[in-house]
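I opened a new notebook page for this chain. My plan is to go from the overall layout down to single residues.

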Amino acid sequence: MPVRTPDPDPDESDDTGAPRDPLEGIGASFGGPGRSLGDGGFGSPNAGSTSNPGWLSDVELAEARRRLPILYVEALPVRTDGMGAVTQVGILLRATPLGEITRTLVSGRVRYGETVRDALFRHLENDLGPMAFPLLPPQPVPFTVAEYFPIPGLSAFHDDRQHAVSLAFVVPVTGTCEPRQDALEVTWMSPEEAASDTLAAEMEGGRGTLVRLALASVGALR
């Protein structure tokens, strides 16, 4: 099944509605002597454009995916009891751009100039809604680093578009989850159900393995 890790549309506008430029102030010599940010080079806007050079167009993103590993964050939302033990695991039901329905995790790319923590918070809010109230420490530590390859068999994880390097986290949430964007719902299940072969068969890109690694990292597998 083709894998499509979600890439939400960027919100790169400032308070006035004008595009925000994360590279503003770097200078006209960016990329080499005499080269300006607006010369139409890779990763920069076309001449005369005010586009944000920190976010690639579809064509530029496709080109980057053919040449570079892309950094992602992924999160397994969980609910815990008073002792901190995991009691429920949240799995997303998502519609892919190809019209397929699949089970997956909260995930998405890290933007240029964005901290890993900020990327995590952004994608958790995008997928679970603003009232999910994720508990993120000042310096989140991933339980594993998952490598997705376009060629099956190189690792347990597969993405037919790209080589993606994903920092994976277990994130407790304490609020109400109301899925947004292309997340249709979040299904809360027991750790045993989340680690089952049945769920793994419904998940894209080998993420059933990632769920089991996540549960093992917090002692929730028995």
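**Notebook: from layout to residues**

I noted the ground rules. This is a predicted model, where local features need pLDDT of at least 70, side-chain atom pairs count only at pLDDT 80 or more, and totals for chains, interfaces and linings use all residues. Residues are numbered from 1 along each chain as its sequence is written, and side-chain values use heavy atoms, with hydrogens and water left out.

**Confidence**

I looked up pLDDT, the predictor's confidence in each residue, from 0 to 100. The protein chain averages 80, and 75% of the residues score at least 70. Over residues 8-51 the pLDDT is below 50. In the model this stretch has 61 contacts beyond near neighbours in sequence; a contact means heavy atoms within 4.5 Å. I keep a caution here: where pLDDT is low, the predicted coordinates should not be read in detail.

**Layout**

I found five helices and eight strands in the protein chain. They are DSSP runs numbered from the N terminus: helices are H or I with at least four residues, strands are E with at least two. Along the sequence the pattern reads α-β-β-β-β-α-β-β-β-β-α-α-α. Of the contacts with a separation of 6 or more, 64% join residues 24 or more positions apart. Of the 222 residues, 42% are buried. Buried means under 20% relative accessible area, exposed over 50%, and partly exposed in between (1.4 Å probe, protein chains only).

**Cores**

Which residues touch the most other members of the largest nonpolar core? They are L76, V89, I91, V211 and L215, out of 24 residues. Such a core is a set of buried Ala, Val, Leu, Ile, Met, Phe, Trp, Tyr and Cys residues joined through side-chain atoms within 4.5 Å. Strand 1, strand 2, strand 5 (144-149), strand 7 and helix 5 (207-217) each give two or more residues to this core. I then checked L76: leaving aside neighbours within four places in sequence, its contacts include V89, I91, F169, V211 and L215. Another core, of 18 residues, lies apart from this one, with V110, F169, V171 and A183 among its members.

In helix 1 I found E60, L61, E63, A64 and R65 buried. Their cover includes strand 1 and strand 4.

Helix 2 (residues 116-128) reaches 18 Å from its first C-alpha to its last, close to the 18 Å expected for 13 residues. The expected span is 1.5 Å times one less than the number of residues. Its buried residues include A119, L120, H123 and L124. Strand 1 (70-80), strand 2 (86-95) and strand 8 (183-189) are among the elements covering the buried residues of helix 2. Just after this helix, G129 takes a positive phi of about 95°.

E125 sits in helix 2. E125 is partly exposed, at 29% relative accessible area. Not counting residues up to four places away, E125 touches P130 and R180.

**Rings**

I looked for aromatic pairs: rings of Phe, Tyr and Trp (its six-membered ring) with centres within 6.5 Å, stacked under 30 degrees between planes, edge-to-face over 60, tilted for the rest. The count is one. Y148 and F157 form this tilted pair, 5.2 Å centre to centre and 45° between the planes. Y148 is buried at 2%, and F157 is buried at 8%.
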